[in-house]
Protein chains: 2
Amino acid sequence: MKTEIISVGTELLIGDIINSNSKFLSEKLTELGFDVLFHSTVGDRADTLRDTILYSLSKVDLIILTGGLGPTADDLTKEVVSATIGKSLILDTQILARIQKIFDDKNIPMPESNIKQALVPESSVVLDNDIGTAPGIFVEENNKIIILLPGPPKEMRYMFNKYVIPLLNNKSKYKIASKVIKTIGIGESSLEYQIKDIINKHTNVNFATYVKDGQVDIRVSTKIHGHENIKKSLDIIGAQIQDLLGDYIFSTNSDSLEMVVFNLLNNKKLKIAFAESCTGGQISSRFTKMPGISQVFDTGLITYSNDSKRDYLHVNEITLNKYGAVSQETAKEMAKGLLSEGKVDIALSVTGIAGPTGGTQYKPVGLVYISLCTTKDCFCKEYNFNGDRETIQKQASDAAFNEIRVYLENLK
Amino acid sequence: MKTEIISVGTELLIGDIINSNSKFLSEKLTELGFDVLFHSTVGDRADTLRDTILYSLSKVDLIILTGGLGPTADDLTKEVVSATIGKSLILDTQILARIQKIFDDKNIPMPESNIKQALVPESSVVLDNDIGTAPGIFVEENNKIIILLPGPPKEMRYMFNKYVIPLLNNKSKYKIASKVIKTIGIGESSLEYQIKDIINKHTNVNFATYVKDGQVDIRVSTKIHGHENIKKSLDIIGAQIQDLLGDYIFSTNSDSLEMVVFNLLNNKKLKIAFAESCTGGQISSRFTKMPGISQVFDTGLITYSNDSKRDYLHVNEITLNKYGAVSQETAKEMAKGLLSEGKVDIALSVTGIAGPTGGTQYKPVGLVYISLCTTKDCFCKEYNFNGDRETIQKQASDAAFNEIRVYLENLK
């Protein structure tokens with residue numbers, strides 16, 4: 001089914017916000033088997049919005065509009081869509097009662113302007129909004145579907161997942177089944193070379209690679225026309241790729257690197273602590289974004305100065321003077337010092353030069369040491385990352401999580 | 001001048017990447033005085049691209065296309081634009097030599113497919129690409145301007161800033177001068193109410209507010225038609241707003257909250273350390289993303305467990321048992337304990353319930369205590385944030401930076 005996504009809002013046209021809704025909807029609609037041919041963005045103006053809808057109706061069969069469902073005079077998506085397709089707006093008393101309740105609960109009188117949010121096009125499906133005031137609308141007429149969703153991404157995503165997916169489920173002739181295999185530590189061309197025989201063998205399967213900050217994702221996807229169980233064949237391809245790429249693969253189910261580490265620690269009932277220098281807390285911060293992390297995480301120490309490394313991690317003054325803060329020796333003493341407190345099973349440390357200044361001929365920007373110590377093992381690896389400060393910190397955090405993952409996966 | 005931005009690339013339509021180019025160009029073009037009326041995205045298909053260009057030419061005077069300038073058969077923006085406006089493509093030998101050199105420098109033979117990147121529409125201005133292979137194109141005909149830029153954001157931004165801005169500079173009848181005033185701690189409607197007299201007084205000035213995670217930005221902007229010095233009048237309006245909003249304002253020059261704190265500490269030659277519980281390292285991580293931060297930052301302790309609060313911050317066992325980890329008393333002892341190491345001038349602590357679980361009737365999810373201690377002062381504030389874990393952590397980090405800012409700004 002040919003599809004267009006129309007975003008309504010002057011704030012997008014003046015560049016105040018990025019259009020994350022179109023990305024989200026494109027990804028979801030593609031999976032559901034819809035052929036997204038166009039994105040359009042128009043401002044809060046009735047004339048250009050009407051022209052855009054009319055032109056879109058001449059090109060596609062499914063139009064999803066986001067934005068312009070608010071209570072102000074600027075918000076006119078529902079009004080313009082209804083007028084363009086010749087439907088009148090009628091008051092939905094249930095929706096009005098729900099909006100009224102939102103204000104009652106806050107002890108605020110409902111502004112009169114909010115009443116218009118309860119107006120809906122005749123003979124349309126009203127999609128309730130459980131987390132905001134504006135309801136969504138689903139209209140099907142003359143073999144064309146028009147869907148209206150609110151602009152705020154949280155509301156839009158919630159409503160798309162809850163209401164729109166079930167309504168669209170039988171409308172496409174096929175679906176896309178896909179499997180994402182996430183790798184770290186291997187370059188894109190090397191990866192493609194290693195799996196080229198698998199790619200060539202499966203001509204009805206699409207293999208796409210996406211690179212970001214040193215991670216390469218492989219998306220394996222194929223169209224399903226009926227109820228055939230394609231999951232199994234994708235899993236077989238996944239297993240073949242896994243045989244070839246081994247430890248480079250950290251996830252075959254879309255889990256992030258930190259989530260994989262969290263699960264491994266949880267399953268093995270192990271606790272971890274971090275000692276961070278150049279990553280400045282990013283490892284701990286990424287880890288603690290996950291709910292329930294206190295099961296496996298106890299302490300993170302950001303020891304940014306030499307004094308701090310000495311006082312909190314017991315790094316030897318002599319080590320710091322002889323080898324420097326960015327060295328294998330210091331990294332190891334950081335991890336050992338953290339472990340010596342006896343509170344965790346694994347201690348991981350990171351020290352390096354995130355830049356842009358502070359590099360030297362022998363210790364350039366991007367040089368990072370990562371050490372992992374337990375009561376049984378203690379090792380340290382050297383990394384040389386490229387890029388700006390942000391990229392280096394991100395890659396160092398990723399590498400740290402990856403060290404833990406590989407260690408735990410290979411733990412007897 | 002009416003303007004449309006057309007993004008070319010199937011990867012945008014299937015949601016693989018977000019359209020950051022349109023945001024960047026919209027922001028820049030709006031500042032330069034162009035009226036961006038539409039964004040369109042089309043795939044790598046000649047038919048839809050041609051139709052989109054023709055429709056765009058009927059609506060606007062300036063079209064900027066990004067993407068589809070690569071060497072592969074999929075890349076057809078230049079070919080389709082030229083055919084649509086009736087121009088033939090001719091070989092630019094200078095561009096060809098430059099592309100050839102890129103491959104020579106890498107000791108790789110240039111693939112034949114790259115030759116097509118040196119083809120340019122007749123009587124067009126060629127915009128050289130210093131950081132990639134694809135040149136950009138500027139064509140002006142029949143009072144319409146069409147600009148082609150490569151899709152990779154880095155190349156596109158570089159070429160827009162270097163070549164396109166000078167070429168467009170005299171094309172708009174006005175420019176937009178603007179000033180962004182950033183606030184925290186005040187709601188949008190309350191803010192708008194407080195500055196309503198200023199808004200009403202300046203009818204030729206546009207006031208727009210943008211809300212994100214508890215921060216409200218005010219953008220004050222106005223059109224400049226000649227060379228009048230509008231900066232001074234915007235500064236005067238900014239000062240009037242500052243008189244009314246006072247401490248709520250943390251920046252009038254686009255600096256982030258953490259940057260403002262960094263600068264204040266740097267100017268006062270003070271060092272800070274953080275003790276984080278529910279923010280899990282986010283405060284330290286945001287702080288250490290800024291280069292040079294070691295001037296003012298020494299240590300960050302993420303004490304996620306009671307044990308950790310006791311061992312690293314000397315929080316009293318009795319305090320933890322009697323008042324709990326999330327309490328004013330624990331927050332204060334965390335900051336005091338950190339300060340007692342004698343290494344920094346200011347210690348800041350955060351403890352709270354980020355959720356989604358862990359809340360109780362008396363201590364609900366979102367309850368956060370922030371304490372700031374120096375050798376002279378020690379205080380603690382209670383916050384009650386709404387939202388999911390991510391939002392609560394972000395708001396708690398913001399509030400922490402804001403506590404430091406307000407303290408330092410009012411320090412004698």
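This is a predicted model: local features need pLDDT of at least 70, side-chain atom pairs count only at pLDDT 80 or more; totals for chains, interfaces and linings use all residues.
Residues are numbered from 1 along each chain as its sequence is written, chains are lettered from A and ligands numbered from 1 in the order in which they are written, and side-chain values use heavy atoms, with hydrogens and water left out.

Let me start with chain A as a whole. Chain A has 15 helices and 17 strands, where helices (H or I, at least four residues) and strands (E, at least two) are DSSP runs, numbered from the N terminus. Its C-alpha trace spans about 80 × 60 × 40 Å along the principal axes. Of the 412 residues in chain A, 54% are buried, and here buried means under 20% relative accessible area, exposed means over 50%, and partly exposed lies in between, with a 1.4 Å probe and protein chains only. If we take contacts (heavy atoms within 4.5 Å) in chain A between residues at least 6 apart in sequence, 67% of them join residues at least 24 apart.

Now to the helix pairs. Two packed helices are described by the angle between their axes and the distance between the axes. The axes are lines fitted to C-alpha atoms, for helices over the stretch in contact, and angles run from 0 to 180 degrees between N-to-C directions. In chain A, the axes of helix H3 (residues 46-59) and helix H4 (residues 77-84) come within 10 Å and cross at roughly 50°. H3(A) and H4(A) are therefore oblique to each other, since angles under 35 degrees count as roughly parallel, over 145 as roughly antiparallel, 65 to 115 as roughly perpendicular and the rest as oblique. On the H3(A) side, Ala46(A), Leu49(A), Arg50(A), Ile53(A) and Leu54(A) take part, and they meet Thr77(A), Val80(A), Val81(A) and Thr84(A) in H4(A).

In chain B, what is the setting of helix H4 (residues 77-84)? Six of its eight residues are buried, so H4(B) is largely enclosed by the rest of the structure; among the buried ones are Lys78(B) and Ser82(B). Just after H4(B), Gly86(B) takes a positive phi of about 70°.

Two loop residues of chain A come next. Ala118(A), in the loop between helix H5 (93-105) and strand S5 (119-121), is buried, with a relative accessible area of 0%. Among the residues it touches are Lys78(A), Ile90(A) and Ile95(A), and the C-alpha atoms of Ala118(A) and Ile95(A) are 5.4 Å apart, although the two residues are 23 apart in sequence. Gly292(A), found in the loop between helix H11 (282-288) and strand S14 (297-303), counts as partly exposed at 37% relative accessibility.

How values were computed: Lists of a residue's contacts leave out its neighbours within four places in sequence.
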